Amino acid sequence: MTTTDVPARTARPSRPAVPKRRPRREREGAAWVFLSPWVLGATVLTLLPMAVSLYLSFTDYDLFNPPRWVGLRNYTQMFTEDPRYWRSVLTTLTYVVLAVPLQLALALLVAIALKSMKRGKAFYRSAFYAPSLLGASMSIALVWRAVFNDGGTVDNLFGTGGWVNKPGWALLAVALLTVWQFGAPMVIFLAGLQQIPAELYEAAAVDGAGTWRQFLSVTVPMLSPVLFFNLVLQTIQAFQVFTPAFAVSAGKGGPADSTLVYTLYLYDRGFVASHMGYASAMAWVLLLVIGAVTVVLFRTSRSWVFYASDTDGGAR
Amino acid sequence: MPGHRTKGFCASAAALVLCAVLAGCGGSGDSTGDGKVVLRYTWWGNPDRAERTEQAVALFEKQHPDVRVQTSFSGYDAYKQKLATQAAGGDAPDVMQLDYRQIDQYASGDVLLDLAQQKSVLRTSEIDQGLLATGRVDGTQYAVPQGRGTETVVYDVKTWQDSGVPLPHEGWTWDDWADAMRELARRTGRPGATDPGQSEDAFEVWLRGRGKSLYTEDGRLGFTADDLTRWWTFTDRLRREGAVSPAEQTTQLDGSVENTPLGRGKATSDTNWDAPSSGYLAIIPTGVALAPMPSGEDGTPGQYFKPSMFLGVSANTDHPKEAAQLVDFLINDREAAEILGASRGIPVNETIREEVGPRLKDFDKTVADYQSSLEGTLKDPPQAPPSGDNALQTTFQRDYDQVSYERMSPREAAENYVTEAKAELRS
C-alpha cells in the first residue's frame, strides 16, 4: 500500500486548495489507520461476541447442538423458576454493600495518612499498592482460602474455626480479599488530596476548625469528585466480582451457596451446566443492572459532589 | 480519492490480520514433516495415571512407527470444561477419555465417531457385553469402556479394628451401616464416615437398593421428592447425632481423597469409588480396606459395576483408523494392560482381566480382589445418565448443603431439587 500512496502525495501540490492543512477526509483516513488495531480488537473481541451473546440469550444452547430459539424463556425461567438465581442476586448485593464502603474507607484513611507523611512516602505508597498487584492473582486467592480455612491462620489466632466453611462468614472472607486491594483508589485519593489548596486548611484553622472539622468541611467536599469517581468504579467492579469468590470457595460458591455471587453462578450455568443461552441472558441482565445502578449513582451525585469549577466560574 | 483508498487499505489490512490469526488457530497439524500421522489423545487423572499412560503410549508408538501421539491431561473439572469447548469448536482430540455422564451429550452432539465403522481394527469381542452396552447411545457404539469401577466403603483398618466395632461384612444393610457409624463415633470420638447425603452416587446406591433408579429409561427422573426426603432425613439425623461428618467438613469435599474427612483424619471411613481410593494409602500408612456398599433392607444390592471411564474417537478426526488402533491398543493389548494396571479401574477385557489380574500388585490387587468378591452378586448397570446429570450432580450437593447447614428441611431441599432436576432434564 505504501507504494500506491506515494503518487497520491506527489500529486497533491497541483491541487489549488488549502496548502498546509490536509483535507478533512484524508486526516480522518489516517486516524482510522491508527485506530484500526483497536477497532479491530474491539469489533472482533468485544462487539461481535456481545452481539452473539445477545442472540444466544434467546436460545437454548449447550455447545454441542446448534442454538435453538426459545424466545424469552431464559429470562422468565431466571425470574420465576430459579430460587438459586435470586439467592445469587442477594449474595452479590450483600457483597457490594459490604466490600465497596470498606474498601473506599480504608483507601481514604491510608491516603490521608500517607499525605501527611514527611519521609518514606514513596516506599509506603508502593507497599500499600502491592496487594492490588498481587491480589488479583489466583495464587493469592488460594492463599486466602488457606488462611481462612480450618486450621488456618485465622482459626489458630482467634479459634473461630475456618471462615470459608461457615455460611455466615465466608462472604466476609471474600470481601476482605477485595478490601485488601485498595491500592488503586488509594492512589487516586492521594492525588486528589494533594490537589486541595493548603490555604483552605489554613483559613479553616484560622476560623478555629479542628482536624475533624477540617476533614468534614474541607477535605470531603473538595475530594467529592474523586470520591464519586472511585465509588462508581469500585461499584461496577464489585458487581462483577468473580476470582476471589471462585478461589475462596474452591469454585463451588459454597458453603450453602453463601459465596455464590452472580458471575460465579453465571459461570456455573454456562461452563459447568452447559446452558450457554441461560448464562448469556444472565450476563445481559447484569449489564443492564450495572448500567442502572451507575445512572442512579450519577443522579445522586448532583446533590453531594462538589466541583470546584462550579463556583470558580471556570477560573482554574 | 485518498479517503477511499484508505478504507480499502483498512479492509485489506484487517483481512490480512484476520488471516494471520485464523492461520495461527488452525495450527493443529495432522502430520509432521517426516510423514507421521499425529494423533491427539487427552484424559483426566492424577500423576500416577499420567505416568502409566505415557508409558503405554510410548509402547504404542514403538509398535506403530508411523504414528505419533500427542498427549495431554488435567484434573477432571478442568478437563471437562476444556473438552466441551474444544468439541463445540469442532476441534475435539482424535482420541478422548470420556465420563459416563458425557457420553449422551457428546454422542447426540455429533462429536463422536460410530466405532462400528472401525471394527476391523477395534475389537470388542472380549469385553463384558453388559459393560460394552454402556457405551451405546440409541444402539450406536460411540465409546468403549476402559475400566470398571464400583463404589465402596473404604475404611481405616487399624482404627476400626481397635475400636472393637465389628468389621463390615458382605450383605450389610443401610441400617447396619448406620449402627456401625454410631458405634464408631461413640468409641472413637469422631464421626464414622463422610456424610453420604451430599453424594448423588451414594444416593443412587441407596435408591437402587429400594428397587428404584436415578433416571427412567427415557431419561426422566426415576424417583420422587418423597424418596429424596427419606434419604436426606436419614443422613441428616446421623449428622445431628455426630455419626457422620459435620457440614463444615462435608462442604470441603472436592473429589480428591485428601479433602475427605477420612483423608483429614476426621473420620474412620468414606464412601468412594474403588480405584481412586488408592490415594488413601499415602495418607493412612497403617492401611485401608474396601467393604461393599450397604444394600437395601431386603438384601437388594444397590451398587453396580460402572464403566469407570470411556474412550471415544472424534467424528472429525482425519485418521479414524489410527485413532481406533490406539483405542484397541489401550483396551486389548496385554502389555499395555500390564503397564496401566488398575489405574483406570479393573480392565474390561475379560481375557486380560483373567491373565493380568493375578499379577496385579499392591492396591491394584486390593481393588481386583474387592471386585471379584462382588462378581455375580450385582445387578446390571443403568444406561448412561441423560446429559443434564452433569449439572445435577453439583445441584445435588448444593441442595444438601442447605440441609446440613440447617437452612432448609430435608423436605424443602428435596422438593427444590426435584423442581430443578425436572427443569434441567426438560431442556
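# Burial and helix packing in a predicted model

Student: Glu81(A) lies in the loop between α3 (73-80) and α4 of chain A. In this predicted model, is Glu81(A) buried or exposed?

Tutor: Within 10 Å of Glu81(A) there are 12 other C-beta atoms. A residue counts as exposed if 12 or fewer such atoms lie within that distance. Therefore Glu81(A) is classed as exposed.

Student: What distance separates the C-alpha atoms of Glu81(A) and Phe64(A)?

Tutor: Glu81(A) and Phe64(A) are 17 residues apart along the chain. Their C-alpha atoms are separated by 25 Å.

Student: Is Ser139(A) buried or exposed?

Tutor: Ser139(A) belongs to helix α6 of chain A. Its count is 9 other C-beta atoms within 10 Å. Because a residue with 12 or fewer is exposed, the class of Ser139(A) is exposed.

Student: How are the buried residues of α6(A) placed around the axis?

Tutor: Helix α6 (residues 138-147) of chain A has Trp144(A), Arg145(A) and Val147(A) as its buried residues. They cover an arc of only 160° around the axis, so they lie on the same side of α6(A). On the other side of α6(A), the exposed residues are Met138(A), Ser139(A) and Ala146(A).

Student: What covers the buried residues of α6(A)?

Tutor: The buried residues concerned are Trp144(A), Arg145(A) and Val147(A). Their cover includes three helices of chain A, namely α7 (153-158), α8 (167-180) and α12 (243-248).

Student: Is Leu176(A) buried or exposed?

Tutor: Leu176(A) is found in helix α8 of chain A. It has 20 other C-beta atoms within 10 Å, and 20 or more is the cut-off for burial. Therefore Leu176(A) is buried.

Student: How many Å apart in space are Leu176(A) and Ala99(A), C-alpha to C-alpha?

Tutor: In sequence, Leu176(A) and Ala99(A) are 77 residues apart. In space, their C-alpha to C-alpha distance is 7.1 Å.

Student: At what angle do α4(A) and α8(A) pack?

Tutor: Two packed helices are described by the angle between their axes and the distance between the axes. For α4(A) and α8(A), the axes are 9 Å apart, and the crossing is right-handed. The packing angle is about 35°.

Student: How many charged residues has the contact of α4(A) with α8(A)?

Tutor: On the α4(A) side, the contact includes Leu98(A), Ala99(A), Leu102(A) and Gln103(A). On the α8(A) side, Leu171(A), Leu172(A), Val174(A) and Ala175(A) are among the residues involved. By class, the contact has ten nonpolar and four polar residues, and the number of charged residues is none.

Student: At what angle do the axes of α4 and α11 of chain A cross?

Tutor: Helix α4 spans residues 83-115 and helix α11 spans residues 211-239. The crossing of α4(A) with α11(A) is right-handed. Their axes come within 9 Å, and the crossing angle is roughly 145°.

Student: How many nonpolar residues has the contact of α4(A) with α11(A)?

Tutor: Residues of α4(A) in this contact include Tyr95(A), Val96(A) and Val100(A), while Leu231(A), Ala238(A) and Phe239(A) are among those from α11(A). The contact has five polar and no charged residues, and its nonpolar count is eight.

Student: What radius of gyration has chain B?

Tutor: Chain B comprises 17 helices and eleven strands. With 427 residues, a compact globule would have a value near 22 Å. The value for chain B agrees with this, being 24 Å.

How values were computed: Residues numbered from 1 in each chain as written. Chains lettered and ligands numbered in written order. Predicted model: local features only at pLDDT ≥ 70, side-chain atom pairs only at ≥ 80, totals over all residues. Helix = DSSP H or I, 4+ residues; strand = E, 2+ residues; numbered from the N terminus. Rg over C-alpha atoms; globule rule 2.2 N^0.38 Å. Axes fitted to C-alpha atoms, helices over the stretch in contact; angles between N-to-C directions. Left-handed = near helix turned anticlockwise from the far one by under 90°. Contact = placed C-beta atoms within 7 Å. Nonpolar A, V, L, I, M, F, W, Y, C, P; charged D, E, K, R; others polar. Arc of directions from axis to C-beta.
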